Amino acid sequence: MIDYQLYIDGEFCEAADGNRFTSTNPANGEVWATAPAATEADVDRAVDAAHTALHEGEWATWTPTQRGRALYRLADLVEAHSGRLGEIETTDSGKLGAETKAQTAYVADYYRYYAGLADKIQGATLPIDKPEMHVFTSREPVGVVAAVVPWNAEMFLTATKVGPALAAGCTVVLKASEVAPASLLEFAKLVDHAGFPSGVVNIITGFGEPCGRALTSHQKVARVAFTGGPETARHIVRNTAENFAVVSLELGGKSPLIIFEDADFEGAVNGAVAGNFGATGQSCVAGSRVMVQAAVYDAFVEEIARRADAIRIGDPLDADTQVGPLATQDQLDRCERIVAASVSEGATLVAGGSRPDGFEEGLYFEPTVLVCPDQGVSSVRTELFGPVMSVLRFDTEEEAVALANDTAFGLGAGVFTENVSRALRVSKAIRSGIVWVNTYRAISPISPFGGFGQSGYGREAGMDVIHDYTRTKTVWINTSSEPMANPFIMR
Ligand code: NAD
């Protein structure tokens with residue numbers, strides 16, 4: 001059993017009231033770690049530490065180049081410890097070890113990308129319309145950042161917030177999810193080693209109430225970077241009515257993956273497998289509405305059912321496992337409930353649909369394929385966050401685009417076609433933040449990530465994001481040799 005601690009103002013500590021909660025390994029149901037449940041008093045302490053570090057501490061005197069160097073050190077530490085961090089994330093969340101280790105190693109590149117941007121944040125001298133005025137702008141750190149992340153891909157979703165925040169000169173209070181807090185509390189040890197002044201990065205964990213609410217409504221928080229579900233996002237937006245913090249929301253999706261008859265068939269099937277069964281389907285960009293053109297529809301259904309049935313379910317730390325457990329009992333119940341509802345609404349199960357035999361101690365659900373008559377079926381309309389694919393048939397390109405856009409979400413989309421003009425037409429017509437053509441779930445620190453509509457607003461990754469962690473200051477200097485004119489004497 002590992003007992004983790006909060007990281008506040010450069011110290012590892014307990015929650016003010018000493019309360020802890022347990023973390024369960026979803027692969028075997030065993031409690032393997034505990035973490036402190038941060039209270040309002042802990043949130044106050046963490047935000048105060050971040051606020052003091054921002055305005056009074058050594059951090060405030062660091063040049064952008066120094067900030068970049070510290071981020072490079074953090075990147076090296078993350079890379080060196082990616083195996084261990086990945087293992088911890090897997091034990092905590094059930095996500096495949098192969099994925100958590102590879103993703104954590106890649107996370108180092110996100111810190112490097114923002115390390116490189118730290119000294120490229122520039123203001124401007126303005127060609128002002130008054131001859132005796134010199135006017136320039138500078139970009140200052142926006143303030144204390146509250147970064148709130150969910151349980152899936154925690155190291156990655158932290159890097160996309162903490163990287164640009166620190167590069168811009170902000171200080172951070174990072175809140176780990178109560179479902180899988182361990183990897184971020186372990187990450188705190190690397191932050192401590194990287195040499196940031198005390199209070200620059202604080203890492204806490206606890207429940208939405210009181211910890212998440214107290215953090216996101218705190219008067220000294222200027223920016224909230226949130227990834228999670230739409231219901232929590234509504235709370236966050238209401239919480240920030242208290243402090244007017246600038247908010248970015250990375251929420252869920254019900255992303256379409258369109259397979260045209262001219263697509264490379266094998267590539268398209270691999271795309272659908274990656275988009276639905278990668279990360280055990282617990283991915284915000286899961287391409288869980290698979291739309292297939294009539295001419296290849298039957299062949300696709302047959303092949304995807306075969307591929308789903310052949311997937312190796314098992315211990316997520318075993319290198320041969322392809323699909324592991326779901327993270328929580330709620331996730332499992334939700335998959336069972338929605339699959340059952342979808343069948344009663346007219347969908348046909350062609351693969352999976354139940355808990356697999358022999359895995360009763362863990363939170364496992366079979367890779368599942370539902371053939372759906374229309375988009376009214378529950379599995380097509382609801383984000384499942386599990387290994388459940390809904391397949392729909394279409395005849396024309398116009399129909400495919402209309403089906404794809406018939407959703408309140410707009411995070412990702414996949415288009416499989418060998419026709420370049422069609423790829424461009426359809427990418428343009430689909431209303432979503434990301435479109436992948438003949439690939440799926442590709443990410444990079446260089447490429448903006450985020451959604452439209454109910455999938456949220458704001459972007460993570462990419463160059464422009466750095467500006468979301470700054471605010472503009474405009475300085476006017478009167479260069480005239482004369483004193484400022486009397487305002488009551490008009491000339
Ligand atoms: P969640 O919304 O339940 O929790 C996310 C975080 O918010 C947790 O740390 C939680 O403690 C905190 N929280 C809960 N109530 C709060 C409140 N009132 N105020 C402030 N914080 C509060 O999400 P989850 O179940 O952990 O994660 C799954 C969701 O995350 C899915 O909808 C998924 O699509 C989404 N997600 C989105 C992306 C993306 O980049 N777009 C990536 C991964 C996951």
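In the hairpin formed by strands E4 and E5, where 4 residues lie between the strands, Gly29 adopts a positive phi near 75°. Helices (H or I, at least four residues) and strands (E, at least two) are DSSP runs that are numbered from the N terminus, and two strands count as paired if DSSP finds at least two bridges between them. The model is a predicted one, in which local features need pLDDT of at least 70 and side-chain atom pairs count only at pLDDT 80 or more, while totals for chains, interfaces and linings use all residues. Residues are numbered from 1 along each chain as its sequence is written, and side-chain values use heavy atoms, with hydrogens and water left out.

**Strand E5 and its partners**

- Strand E4 (residues 20–25) and E5 are joined by 6 bridges and run antiparallel, and within this pairing Arg20 stands opposite Pro36 in E5.
- Strand E1 (residues 2–3) is joined to E5 by 2 bridges, and these two strands run parallel, with Ile2 standing opposite Ala33 in E5.
- In strand E5 (residues 30–36), 5 of the 7 residues are buried, so the strand is largely enclosed by the rest of the structure; here buried means under 20% relative accessible area, exposed means over 50%, and partly exposed lies in between (1.4 Å probe, protein chains only).

**The open sheet of 7 strands**

- An open sheet is formed by 7 strands in the order E15-E16-E17-E14-E13-E18-E19, and its pairing is mixed.
- Strand E15 (348–351) and strand E19 (436–437) stand at the edges of this sheet and each has a single partner strand, so one side of each is left without a neighbour in the sheet.
- Strand E13 (residues 256–259) pairs with strand E14 (residues 289–293) in the parallel sense over 4 bridges, and Pro256 stands opposite Arg289 in E14.
- Helix H9 (residues 265–277) packs on the sheet, where it touches E13, E14, strand E16 (368–371), strand E17 (388–394) and strand E18 (414–416), and the direction of H9 makes about 140° with that of E17.
- For such packing, contact means heavy atoms within 4.5 Å, while axes are lines fitted to C-alpha atoms, for helices over the stretch in contact, and angles run from 0 to 180 degrees between N-to-C directions.

- Helix H3 (residues 82–93) packs against helix H4 (residues 97–117) at an angle of about 135°, with their axes 8 Å apart.
- That angle makes H3 oblique to H4, given that angles under 35 degrees count as roughly parallel, over 145 as roughly antiparallel, 65 to 115 as roughly perpendicular and the rest as oblique.
- The contact involves Ser82, Gly83, Leu85, Gly86, Glu87, Glu89 and Thr90 on the H3 side, and Gly97, Thr100, Lys101, Thr104 and Ala105 on the H4 side.
- The residues of this contact of H3 with H4 divide into 2 nonpolar, 7 polar and 3 charged, where Ala, Val, Leu, Ile, Met, Phe, Trp, Tyr, Cys and Pro count as nonpolar, Asp, Glu, Lys and Arg as charged, and the others, Gly among them, as polar.
- Ile88 also lies in helix H3, and at 4% relative accessibility Ile88 counts as buried.
- Leaving aside residues up to four places away in sequence, Ile88 touches Tyr4, Trp32, Ala182, Ser183 and Glu186.

**Helices H13 and H14**

- Helix H13 (residues 397–405) and helix H14 (residues 420–429) pack at an angle of about 30°, and their axes are 10 Å apart, which makes H13 roughly parallel to H14.
- Glu397, Val401 and Asn405 of H13 make the contact with Arg422, Arg425, Val426 and Ala429 of H14, and the residues of this contact divide into 3 nonpolar, 1 polar and 3 charged.

**Backbone exceptions**

- Most residues other than glycine have a negative phi, and most peptide bonds are trans.
- Thr280, in the loop between H9 and E14, has a positive phi near 55° although it is a residue other than glycine, and at 0% relative accessibility Thr280 counts as buried.
- Phe385, in the loop between helix H12 (378–381) and E17, is not a glycine and yet has a positive phi of about 60°, and at 14% relative accessibility Phe385 counts as buried.
- Glu209 and Pro210 are joined by a cis peptide bond with an omega of about 10°, and Pro210 is found in helix H7 (residues 208–216).
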